[in-house]
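Subject: Structure handover

Hi there,

Here is the structure I promised to pass on.

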Amino acid sequence: MSHRKLDVDSLGLDDEDFDELASATAGVDAAAIQADAEARAADVAGLLARGDLAGALRRGLDGVQPYGAPSHAELAHAKDLSTKTVANVLASARSTDIAALVAGLSPADHDLLLKYVFRGMASPADYNCTSLLAWHEKLVEVAGVGSIVRVLADRRVI
């Protein structure tokens, strides 16, 4: 007798179904996601020019995020642009300001920011891994190890 009350094998979800579930942007046009990423990048650049790091970080994590499987080629540019936008904010912050900036974010934003940190660290030639590691350290201090587990277990990837 099984200890499960629900037979998960009977659900019959194929890999295609999981890819569909992994995309939080299902039903949203790829062009709309790209337009949102471009608008967000322009807003963040303006906020950084004024020196508003907290506002730039919040705006970078705001809006429709380009979730989807890595095989979604139509979202690739939006994912890259969003990652560059957030990475520019992270690289602009002084190491002494990181803790205060992280403390001002919600738990959902902690997880989203950690996704961007991981995506940036996956391309060390494109992003400053020193600043990303500093952000990772402060995120884990504030959000805990549970944030890492949630990000790694989440099928919605950026």
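L152 counts as exposed, because its relative accessibility is 63% (exposed means over 50% relative accessible area, buried under 20%, and partly exposed in between, with a 1.4 Å probe and protein chains only). This residue lies in helix α8, residues 145-153. Helices here are DSSP runs of H or I with at least four residues, strands are E runs of at least two, and both are numbered from the N terminus.

Before the rest, a word on the ground rules. This is a predicted model, in which local features need pLDDT of at least 70 and side-chain atom pairs count only at pLDDT 80 or more, while totals for chains, interfaces and linings use all residues. Residues are numbered from 1 along each chain as its sequence is written, and side-chain values use heavy atoms, with hydrogens and water left out.Now the overall picture. The protein has eight helices and zero strands, so to read it from the N terminus is to read α-α-α-α-α-α-α-α. Of its 158 residues, 37% count as buried. The protein exposes about 8,900 Å², of which carbon and sulfur atoms supply 55%; these areas come from the Shrake-Rupley method with a 1.4 Å probe, and for residues only the protein chains shown count as cover. Among contacts (heavy atoms within 4.5 Å) between residues at least 6 apart in sequence, 74% join residues at least 24 apart.

On to the helix pairs. Staying with α8, helix α7 (residues 129-143) packs against α8 at an angle of about 110 degrees, with the axes 6 Å apart. Axes are lines fitted to C-alpha atoms, for helices over the stretch in contact, and angles run from 0 to 180 degrees between N-to-C directions. That makes α7 roughly perpendicular to α8 (65 to 115 degrees; under 35 is roughly parallel, over 145 roughly antiparallel, and the rest oblique). From α7, the residues H136, V140 and A143 meet V145, S147, I148 and R150 of α8. By class, this contact of α7 with α8 has four nonpolar, two polar and one charged residues. Nonpolar covers Ala, Val, Leu, Ile, Met, Phe, Trp, Tyr, Cys and Pro, charged covers Asp, Glu, Lys and Arg, and the others, Gly among them, are polar.

Helix α2 (residues 30-50) and helix α4 (residues 76-92) have axes that come within 9 Å and cross at roughly 15 degrees, and α2 and α4 are therefore roughly parallel to each other. Their crossing is left-handed, meaning that the near helix is turned anticlockwise from the far one by less than a right angle (clockwise would be right-handed). Residues making the contact include I33, A37, V44 and L48 of α2 and L81, T85 and V89 of α4. The contact of α2 with α4 divides into eight nonpolar, six polar and two charged residues.

D36 is also in helix α2. Leaving aside neighbours within four places in sequence, D36 is in contact with G63 and V64. D36 and S82 are 46 residues apart in sequence and 9.4 Å apart in space, C-alpha to C-alpha.

Lastly, the axes of α4 and helix α6 (residues 107-121) come within 10 Å and cross at roughly 100 degrees, so α4 and α6 are roughly perpendicular to each other. Among the residues in this contact are V86 and L90 of α4 and L113, Y116 and V117 of α6.

Best wishes
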